[in-house]
Amino acid sequence: MAIDAYVNETNRNADYIIPDRVMFEEYGCDRTWGNFDQCVVAGVPVVTPRTALTADGRHICMEEFIFDVAKKLNLPGFGEQAVARKDGSKAPLKRFDDWYAYYLSNVATQCEHLPEVTDSDRELAALPRAMKPLEPVLTAEQCAQVEALLSRGGYYEKSDKYNGDFLANGGGKFLQIFNPAIAAQKHCFSGEAYPGIPVYEKPKFFNGDQWEKHWDKDQYPLVLSTYKPILRSNYSGFFDHCNQVSPQNFIYMNKNTAQQFGLKDKERVVLTSPDGVTAEGVLACDDGVAEMTVCVPHAYGHWAGGAEVREVDGKSLPVARRRGGGTAINRLIPVDPTRPGAVKALNDYYAGAFCRSGIPVKVEQYREMKPIGCPVM
């Protein structure tokens, strides 16, 4: 079972797909990444979701699916008397609007200096539309607080909260050489305790072997680096206007490295991972890339989402090749030869995340080979 707003390379194999909302169809509120509580950002739906409706008129999405499953299973924490109020009474939690009304209200009550909302604010921020689903759930006082939060797109601390360049509640200046929380953890396979201090270690597999033991550095002399591009995301390829601005990515290399391997700017090349899996792309020489490395941005080269020929009920669907433009990076992640089980994707030894950077690769001139699984451009 998959929950997603789009059909992609992974969820197309699911037996069931629960269609979810996208960013402009739902509420959102969170603090900005990497900061100490100086602000929270808040957003509201600006368009009506295109997902199908339930029998009682709710747009299908992840939250509504969870609420319906909880009701069917009679799970605690959901239903008529699910959420505790400060006065001791109970409030219902049965649908999408309930959840986000409480969420936004909880945030708003923690903001010390919410602004006064004018009629002009309401018009400019489209507050009547944003507040309509929330008003039946909240009290008048709570609605006023949420309205003030949404009127500015969030909440931002005043300048007196700062001490020079730093927040007054930033926790002081310190360098943590030893982290006891990390040192208390152990690797799930080896049982080895994590160091808890900065250490230098070469990349290693699940069983502790260094990569060089299984992958020949002479055969794969370059190191792969990846990043998220500004004008592209994993779903941008579905939209024509995004493809017009940024139709494909490039395989970036330092000019000196390219010359060392007999490669030229703007020529077609093939990336190969230690698994022997290949991905084709266009080389771009850039002095900003470190030597002996290859840099490729994410979110390109998708072969699902309409970029390939698909049949439903014996009929071929229209094909949009442009959605698959560029080079796909995720497919280059090699399997871990030391890891047991069916899922053997290469992981960071300590963090457990997929390795998208640091993987040894080689780059060669394109010689009429077709990358596995990628659409023809």
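The side chains of aspartate 97 and arginine 95 form a salt bridge at 3.8 Å, N to O (a side-chain nitrogen of Lys or Arg within 4 Å of a carboxyl oxygen of Asp or Glu). Aspartate 97 is buried at 16% relative accessible area, while arginine 95 is partly exposed at 33% (buried means under 20% relative accessible area, exposed over 50%, partly exposed in between, with a 1.4 Å probe and protein chains only). The model is predicted: local features need pLDDT of at least 70, side-chain atom pairs count only at pLDDT 80 or more, and totals for chains, interfaces and linings use all residues. Residues are numbered from 1 along each chain as its sequence is written, and side-chain values use heavy atoms, leaving out hydrogens and water.

By this rule there are 14 salt bridges. One of them joins arginine 268 and glutamate 280, with an N to O distance of 2.0 Å. Arginine 268 belongs to strand E12 (268–272) and glutamate 280 to strand E13 (278–285), so the pair ties together parts twelve residues apart in sequence (strands, E, are DSSP runs of at least two residues and helices, H or I, of at least four, numbered from the N terminus). Arginine 268 is partly exposed at 30%, whereas glutamate 280 is buried at 17%.

Glutamate 212 and lysine 202 also meet in a salt bridge, at 3.9 Å, N to O. Glutamate 212 is partly exposed at 42%, as is lysine 202 at 38%. Elsewhere, Asp56, Arg58, Glu64 and Asp68 are linked in a salt-bridge network.

Tyrosine 235 lies in the loop between strand E10 (222–227) and helix H7 (240–245), and is partly exposed at 31% relative accessible area.
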